[in-house]
Amino acid sequence: MDQLLSVLIPAALIVGALGAWRRVRLWRQGRPAAVNLLQGMLRMPRRYLVDLHHVVARDRYIAHTHVATAGGFVAAMALAIVVHVLGVENVVMAGLLGLAGLTMLVGTLFVARRRLEPPARLSKGAWQRLPKSLMAFSLGMLLVSLPLGGLVPEGAASVLTTLVLGVLVGWGLLELVVGMGWGGPMKHAFAGAAHLAFHRRPERFSDVSGEGRHPGSRSTALLPLDLDSEQAPGSEQSMGVARPDEFGWQQLLGFDACVQCGRCEAACPAHAAGQPLNPKKLIQDMVIGMAGGSDAHYAGTPYTGQTTGEHGGAPGERIVPQLVEPETLWSCTTCRACVEECPMMIEHVDAIVDMRRFLTLEDGATPEKGAVALDNLIATDNPGGFDNASRLDWAADLELPRIRERPEGVDVLLWLGDGAFDMRNQRTLRSLVTVMRAAGVDFAVVGEEERDSGDLARRLGDEATFQQLARQNIATLSQYRFARIVTCDPHSFHVLGREYPDFGGHYRVLHHSGLLAELIDEQRLQLAPAASGSSLTWHDPCYLGRYNGEFEAPRRVLRALGMEVREMARSGHRSRCCGGGGGAALTDVPGKQRISDMRMGDARDTGAEVVAVGCPQCTAMLEGVVEPGPQVLDLAELVARALVVSEHNSSTLREPQEEVPA
Amino acid sequence: MSSGIIVRRDPRAERIRRNRLHPRHHEFCQPAARWMGPNGVMRRNPHTVAAIGPNGLRRLDRSGATVTGGPSLRSVNDESHEQRRQVTLESPDFLVAVVPECPEGRLSSHDRDLFGLARQLADRDPASSGAVVAITFDHNAPELADAGADRWLALDDDSYAGYSPETRLTALETVARSWSPRHWLLPDGPAVGSDLGRRLAVRLAGLQPGSEEARAAARVWQVDGDHCICRGGGEHRDIHRPLPQVVLALAECAEPVSETRHEARPITLDTAPVPSIRRVTDHGRVAVDPSCIALDQAPFILAGGRGIGDWPGFHETARLLGAAEGASRVAVDDGYMPRARQVGATGTFVTAGCYIAVGISGAVQHLQGIEHCQRVVAINSDPGCDMVRRADLALIGNGDAILAAVAARLEARQHEEYRHDVA
Amino acid sequence: MTSPEVRVLVSSGRHPVSGRSGAAREDARAVEMALALAGEGVTLLHAGDPADASLRYYLGMFHEVPGLPSVGRVGRLDLLSMPAESDATSLLAEQLRHAGASLVLTGMRSEIGEGSGLLPYLLAERLGWNLVAGVAAIEHCDSESATILQALPQGQRRRLSVRLPCIATVDRAAPAPRQSAHGPARRGQIRVIEPQESAGVALDEPRGQWRFEPARVRPKRLKVVKGGSARERMRAAASTGGGGGGRVLSDLDPEAAADELIRYLESERVLQ
Ligand SMILES: Cc1cc2nc3c(=O)[nH]c(=O)nc-3n(C[C@H](O)[C@H](O)[C@H](O)COP(=O)(O)OP(=O)(O)OC[C@H]3O[C@@H](n4cnc5c(N)ncnc54)[C@H](O)[C@@H]3O)c2cc1C
Ligand code: SF4
Ligand code: SF4
């Protein structure tokens with residue numbers, strides 16, 4: 001037995017290593033990027049134990065199971081090498097090996113239990129085999145340790161049992177060690193570890209979150225595309241990603257780490273709405289593209305309306321439409337629910353936007369209304385094609401101070417966003433102005449010089465237009481002095497605050513919920529308590545919550561209004577998107593239902609009379625849901641309604657109070 | 001109906017109408033019901049569809065085609081021509097040539113405006129009187145006397161039929177050589193309407209190179225003395241320039257003649273135009289199913305929303321009205337209408353002259369799509385909804401019932417017309 | 001069928017809202033029609049300022065569209081360098097005479113400058129080529145002739161065949177242009193051709209005496225209602241003139257509402 005193992009284990013390790021080498025080669029097909037090998041390896045364990053488990057622990061069952069199984073396996077494997085290959089045979093070692101095997105076996109039993117009736121989001125196929133392989137290995141190791149530890153007499157093993165044991169351990173080694181390198185479910189361990197070590201967004205991990213590209217952020221800003229180098233005249237390089245080998249190699253590595261747990265699938269609003277997108281399948285398609293082949297072996301939920309086996313790809317071949325249909329990419333709202341949920345820290349949104357960049361910048365294949373919006377952005381600086389000089393028309397009677405007229409500077413620069421062209425959002429803006437005036441906030445607006453932040457262009461893949469708008473806005477802002485920017489549009493909030501730094505614009509940006517919370521904390525607003533018994537629910541906008549971690553400020557404001565805040569089934573970092581982000585409202589890929597209808601359903605289920613929102617896009621999407629349903633009101637409107645009007649500023653208040661339906 | 005100039009019955013035209021195989025059959029049978037106004041907006045001629053027979057009754061042509069007949073009893077001209085002053089001109093000092101487009105074989109309002117402008121130029125100087133010569137390529141062009149023509153050259157040979165720019169151009173060139181009109185006025189409309197004028201402009205300019213007079217003015221919208229104002233490219237500039245020989249004028253360039261009536265005395269050319277080789281061949285019109293006209297080009301739309309309960313009734317009413325069908329997104333989502341029929345921000349932006357919205361509340365996303373509609377009618381049970389606010393006419397009530405009543409009336413009307421004909 | 005050589009005359013346009021220069025909408029349709037017809041056989045042609053950046057918009061349209069001919073990776077634009085305010089006709093005519101193309105597409109009118117729409121006619125006259133105006137689609141094209149659908153009002157079409165060489169002006173009813181993509185726009189090749197001495201760029205003299213002014217709003221023609229009873233005239237005047245909001249008729253039974261609707265449609269000449 002001992003001899004058998006001393007051969008089997010090294011053999012498995014060598015074959016596994018060869019496979020791993022091949023795997024590394026697959027990853028390195030991607031675009032090069034330098035990494036620090038040693039530093040990455042050193043950082044990996046902590047990232048695994050802290051950051052990854054932080055995500056995994058949201059599902060306690062699988063978290064514990066994974067600790068037992070993976071921990072047991074690593075220990076058993078290490079000990080087995082020491083005992084059987086290096087020949088350090090003693091009772092202690094044997095005992096430890098037995099213990100490791102036992103721990104792993106217990107974990108494995110839980111794995112097996114989950115696999116008895118697996119939830120829909122889990123992939124089947126080879127993954128159904130995994131618990132058996134794990135069991136074979138752990139049982140084998142446990143049994144092998146028994147004679148060594150003297151629990152069973154040394155010679156008790158007959159040829160038959162040796163053979164059985166050998167097969168068990170051999171099977172286990174094949175799946176766990178060889179499979180880790182050569183593919184199969186256990187590939188995730190190797191790829192996952194490497195992915196953690198060399199993640200393209202190191203800021204996502206607690207060890208370096210203070211440094212890097214976006215210090216202190218959740219690293220949700222899209223990475224800039226270097227337009228000049230990638231399209232030098234005569235360059236054959238195309239912009240964005242057309243083929244799997246045009247992803248960065250770290251991205252390919254990331255895709256390879258996917259465990260097909262389907263958490264992203266369960267979180268994805270587009271998938272739930274029956275649109276042809278499933279983030280898990282998308283990541284698997286990327287793996288197929290990287291390695292070459294068809295999706296026939298994919299054993300999870302397909303894209304709605306498509307059957308597996310009809311698509312395939314290769315590293316050097318176009319992804320769209322051979323491997324992935326364009327509708328899949330255009331269904332995404334960039335809500336990041338998938339990224340937030342992914343235990344392997346895979347970056348779905350980056351991948352989707354990279355592929356969209358190619359479709360828009362090289363292929364001219366943005367869906368129709370999206371293309372119209374892009375043309376408008378280029379010609380008029382706003383997606384609606386309005387005369388940009390009319391951005392302040394709605395506020396003619398409010399006499400908003402322009403920053404141009406305040407060379408000495410102001411505290412708050414109010415960034416209007418494109419909601420300024422929308423009658424509904426103008427009510428919100430009016431309310432916000434009323435509240436700021438009531439609190440005596442020193443503010444001004446940019447006015448006609450303000451352009452769209454570029455959010456829509458960027459998510460639709462038009463990096464060129466985004467960068468153009470960003471540069472122009474930064475140039476405009478550089479002329480003025482202000483302490484911070486406040487906006488009631490979370491998209492502007494995110495883009496100005498998180499994505500402009502890459503282009504030299506560094507600002508303190510606040511969402512209006514943050515400002516309102518601050519004003520309330522400082523007791524600068526006199527608010528009348530709400531009628532008792534009135535209840536509302538807060539819809540977390542993706543670009544405020546998941547993108548920027550602001551969950552608390554709006555809730556603090558709502559509580560200050562004295563209303564009962566009921567939480568929807570999906571809220572906070574798991575909030576469900578309204579369906580309006582990432583240009584999805586324009587691309588409007590047909591599904592079985594609408595994301596906004598589902599979200600309104602969530603709100604309705606709470607029984608609240610009002611769904612409070614903090615985003616013009618969410619307002620439009622949720623108000624677009626047919627009645628009946630809770631009333632949709634912006635945070636600013638709710639605060640304005642509750643303001644106690646004192647004599648001297650009543651004049652500015654009358655208007656909005658009439659407009660806000662009681 | 002005393003005028004002898006208005007050709008009420010034209011045996012040749014009637015013959016062609018009955019003969020479906022005649023090469024010009026389509027021209028005589030197309031309803032001259034609609035044409036493009038100055039801003040690309042569809043307009044309709046109220047005098048068509050059913051023709052008025054000699055006894056003053058509506059009649060249906062047995063050929064099955066819609067007949068382009070003489071003026072109806074309610075014609076504007078008939079109402080006013082009793083009061084018009086007859087003008088005759090025996091020996092004019094100069095000529096102003098007008099080549100009306102006569103889309104579908106009759107004067108359009110654009111053509112009438114052009115005659116108005118021609119009169120302005122001809123009558124400008126009391127000391128020297130000009131005659132307005134109408135040149136038509138169709139014997140069937142009536143109403144020239146009321147439009148303001150003193151003379152009428154009808155070139156109605158078959159070689160001018162359909163799209164025949166080369167033969168028409170040679171004919172005009174012959175006119176230019178024979179009579180040297182002081183001015184040429186041709187319509188500058190959207191699409192092909194402006195084609196012949198540009199050809200003539202270029203041809204005449206070639207005859208007198210370098211002359212500023214010869215450089216045609218296009219898109220003229222006002223003439224003042226011997227200067228004119230042209231709308232420049234992109235609609236954002238006006239060009240003030242001396243009035244040249246050839247003037248291509250936009251619709252509403254002048255008021256149509258309404259006070260006087262003229263002779264429209266037929267005249268002929270002494271020298272026949274040299275026939276030219278036709279290098280462009282007209283194969284005739286292509287049948288276009290009204291329901292296949294792209295929504296964004298449809299001139300008249302009946303749109304339904306969530307308030308529609310009776311969809312078959314809706315389709316029937318649309319058919320009877322001759323309207324293209326549109327829908328709100330909810331109607332599309334619910335599967336009652338195909339996605340291509342959705343009007344609005346994420347559907348189609350429409351430009352219909354008339355848009356009827358039934359059971360559509362008027363969400364911003366929907367209203368964005370009808371921003372460029374001229375007239376909007378709302379039929380809705382809720383008088384407070386935004387569509388009612390947007391509408392030029394709002395009918396409050398049950399949409400299904402109102403549409404059913406409309407359908408019943410239109411159907412009855414068709415029956416009536418048929419009975420008239422049989423009687 | 002080998003794809004024919006097609007030239008498209010393009011010039012920059014002016015955005016109706018912002019006034020920013022960009023693509024001219026009809027020219028973009030002409031480029032679309034050419035690319036859909038001839039793919040790689042398309043070359044764009046412009047006479048004017050070599051620094052005009054908006055021309056790149058058209059080069060951005062040189063990308064593949066499923067089901068249409070391949071356009072090649074790099075778009076081609078020949079630019080005849082010419083000072084502003086000069087007459088492009090002779091330059092373009094010379095270029096076309098030697099280019100070997102037999103089909104030339106262009107928009108109906110330019111969006112900047114005079115916008116008279118005379119240029120294609122001047123070229124056709126000078127070259128002795130045929131001209132077809134208001135093209136909605138090209139159904140077929142070989143080296144001898146083309147079959148064309150001409151746009152008529154109200155979505156109607158007329159089929160023509162024309163011998164080549166021919167200049168065709170493209171109507172707004174033609175298929176909408178494909179998106180202009182940044183990559184091909186940057187990559188596209190602009191070949192600047194300096195005019196030869198002999199070509200003699202003529203300064204456009206008569207234009208010197210013209211006065212260009214911002215467009216005045218044209219007065220709306222009042223609807224003259226002649227005849228009918230006094231009540232009908234009143235109704236007609238009330239139904240449109242009365243600034244802003246429309247009429248709201250409630251408390252009607254369906255029959256009465258139907259009558260109102262039909263009467264309205266008739267008075268607005270939507271229905272006869
Ligand atoms: C991003 C986004 C894009 C959108 N894009 C579009 C778009 O392109 N196009 C579009 O249309 N919508 C669009 N919407 C949806 C839009 O917000 C509305 O939900 C939709 O237009 C409402 O359709 P509706 O008017 O048919 O239904 P409703 O709003 O439910 O209105 C039904 C109307 O019918 C009336 N009614 C009911 N019964 C009767 C009856 N028996 N007789 C007469 N009237 C009756 C009611 O009074 C009501 O006014 C979009 C929404 C979003 C969020
Ligand atoms: S991408 Fe992440 S969340 Fe989705 S299945 Fe793979 S590992 Fe799970
Ligand atoms: S970002 Fe949102 S919509 Fe896009 S794939 Fe992820 S979960 Fe789905």
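Q: Before we start, what does contact mean here?
A: Contact means heavy atoms within 4.5 Å. Also keep in mind that this is a predicted model.

Q: How many salt bridges does the rule find across the interface of chain B and chain C?
A: Five salt bridges. One of the salt bridges there joins the side chains of B:Arg203 and C:Glu125, at 2.7 Å from N to O.

Q: What about residue pairs in polar contact between chain B and chain C, what's the count?
A: 32 residue pairs, counting those with both residues at pLDDT 80 or more.

Q: Which strands pair between chain B and chain C, and is the sense parallel or antiparallel?
A: Strand β16 of chain B (residues 280–286) pairs with strand β9 of chain C (residues 157–163), antiparallel, over five bridges. Within that pairing, B:Val280 stands opposite C:Val162.

Q: Switching to chain A and chain B. How many residues does that contact take from each?
A: Eleven residues from chain A and 13 residues from chain B. The buried area is about 940 Å², and carbon and sulfur atoms give 46% of it. A:Lys369, A:Arg594 and A:Val626 lose the most area in chain A, together 48% of what that side buries against chain B.

Q: How many salt bridges are there across chain A and chain B?
A: The rule finds two salt bridges. Among them is A:Asp588 with B:Arg339, at 3.4 Å from N to O. The chain A side that touches chain B splits into five nonpolar, one polar and five charged residues.

Q: Last topic, ligand 2. Which residues come nearest?
A: A:Cys258, A:Cys261, A:Gly262, A:Cys264 and A:Cys342 come nearest, out of 14 residues around ligand 2. The elements giving two or more residues to that shell are α10 (263–267) and α12 (279–291) of chain A.

Q: And by class, what does the shell around ligand 2 have?
A: Nine nonpolar, three polar and two charged residues.

Methods:
Residues are numbered from 1 along each chain as its sequence is written. Chains are lettered from A and ligands numbered from 1 in the order in which they are written. This is a predicted model: local features need pLDDT of at least 70, side-chain atom pairs count only at pLDDT 80 or more; totals for chains, interfaces and linings use all residues. Side-chain values use heavy atoms; hydrogens and water are left out. A salt bridge is a side-chain nitrogen of Lys or Arg within 4 Å of a carboxyl oxygen of Asp or Glu. A polar contact is a pair of N or O atoms within 3.5 Å; within protein, one must be able to donate a hydrogen and the other to accept it, and residues adjacent in sequence count only if both atoms are side-chain atoms. Two strands pair if DSSP finds at least two bridges between them. Helices (H or I, at least four residues) and strands (E, at least two) are DSSP runs, numbered from the N terminus. A residue is near a molecule or strand if one of its heavy atoms lies within 4 Å of it. Ala, Val, Leu, Ile, Met, Phe, Trp, Tyr, Cys and Pro count as nonpolar, Asp, Glu, Lys and Arg as charged, and the others, Gly among them, as polar. Buried area is the accessible area (1.4 Å probe) that two parts lose on being put together, summed over both.
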